[in-house]
Amino acid sequence: RDLCGDRETGGSIARAMPGLVVASLAALASPLLITGTEATSALQRRVCRPVRAPQTSLRPFKNPPLLPDLHRPLSPPFCWHTPASPVWRRRRSLPCSPTVDPSLKLESPQKIATRRTFGVVAASQQALPSPSKEGSEPGTVKAWVQAIRPKTLSASLMPVLVGHALAYAEYRSADVLTSAAFWLFAVLTQIGTNLHNDYADYVLGADTERRVGPARATQKGWISPGAMKRAATGTLLVAAAVGLSIGGGLPMALVILACIFGAVAYTGGPYPLGAIGLEKLSIAYAGLGDIFTMFYFGFVPVLSTYWLNTGTISPTAIGFSIIMGSFASAIITVNNLRDAETDRVIGKKTSAVRFGKAFARKEYSLLITAPYILLPIMWLLGWIPAPWLLPLAAIMTAYLEDRNVRKNEGSKLNKSLFGTARVQIIFTFLQLLAMYSPDQVRQGSRDFYERMFVHVDPILAGQLKAAIFFGAVYWQRQMRGQDPLYPYAPENDMD
């Protein structure tokens, strides 16, 4: 198996060992008659089966060791290649001959290093190919879970939590059951929107094999279009029933119906808007998705929750509506930036298609930093007390996510999609902590200031210096494009 680089066709030890012994003795006894290279090639032709695969090029070390015939690859389909030694790329399980299929998963360098033979190891130790997460077909339950996109559901939960906490902080009037009912309506509406988007994008031709985003259940064939359409309709009907049961009179009923209509009008498609002649209506395809999310994931959940608990609307509630809507619009902007190429082909006029990717990145920077700008402005206007500025402590999370969006392209932006949701979760958690415990936050901030600048605490000062140092190292490695935790490439390591 070391000789051939194949688990199945390497031949048994009984077949390979006699030839190896004879070839080795012949090479040692009479170098003029047969060389080690010729012996190896002859033995390999005897026991190996050639496999077709594309040729791959490797870069040898600048100063390879002086080992005769070991740092030069032999003729196909075999070559001396030692990822665990300094002959070629060390610790890199890459093929060096046409006998290796690059798409297969290779064994780890640690396993290869344990099977050295005459100072070299065959690099083409192959394992069974591992299917990718995107390409493998999940079970029925897992396919439905993936279709509702659970990692983005925080966009409907966080605004409701902020509206409830704001009502409690200002009026000490917040009914948990009322807020929970509205959150259930909001999350069911978002799930219904996601399911209808999965169905409509497939019908309209937006989701194809060229898609670089997360897999879509309808496009992959995991769920039929009919089943997805029925699930979206049923989810939105349940959401409408839950919303109308909350109460609030005619104003709340209009908000509920507007949300249900917006859920199907966001992507549009022949169903169900085709029944009323609006099959060409699509908020997302018209490039208004950013405004839609700002309204439906900012103003509607925050102001509705606040109004249901207090019966009024305040400037502070409007300010926090803009903050929550900015995070939701930032998530949509990342999505539009990632799918800009495929959207341009099908005629989906998102902001990234209309104005270019540079504009979309600037838009994301504005949206992700807007909450950290609006919060001090609201404090200066006297709308919020000083302890409510606690979320500013997490401003670096927004900066790092903005930097990832500015430097990444294509499928690499999938991490930023969920990273933006994580920034919103951290911001909301700190905001809730400040709203529910402002006195504790104020006292803790005062104690920190006194221990740092009035009565210097050597332990706290040392911890802060260490945190600043490691933070600076982390930031510097990121600016260089290195992995902050493992900055050095494996081939530059020492044994």
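Predicted model: local features only at pLDDT ≥ 70, side-chain atom pairs only at ≥ 80, totals over all residues.
Residues are numbered from 1 along each chain as its sequence is written, and side-chain values use heavy atoms, with hydrogens and water left out.

Colleague: Are helix 15 and helix 16 roughly parallel or roughly antiparallel to each other?

Modeller: The axes of helix 15 (residues 395-407) and helix 16 (residues 413-436) come within 10 Å and cross at roughly 165°, where angles run from 0 to 180 degrees between N-to-C directions. Angles under 35 degrees count as roughly parallel, over 145 as roughly antiparallel, 65 to 115 as roughly perpendicular and the rest as oblique. Helix 15 and helix 16 are therefore roughly antiparallel.

Colleague: Is Val423 buried or exposed?

Modeller: Val423 lies in helix 16, and it touches Phe327, Ile368, Tyr372, Thr397, Ala398 and Glu401, leaving aside residues up to four places away in sequence, where contact means heavy atoms within 4.5 Å. Buried means under 20% relative accessible area, exposed over 50%, and partly exposed in between, with a 1.4 Å probe and protein chains only. Because its relative accessible area is 3%, Val423 is buried.

Colleague: Which element of the protein chain has the highest mean pLDDT?

Modeller: pLDDT is the predictor's confidence in each residue, from 0 to 100, and the protein chain averages 76. Among the elements, helix 3 (residues 109-113) has the lowest mean, 47, and the highest, 95, belongs to helix 14.

How values were computed:
Helix = DSSP H or I, 4+ residues; strand = E, 2+ residues; numbered from the N terminus.
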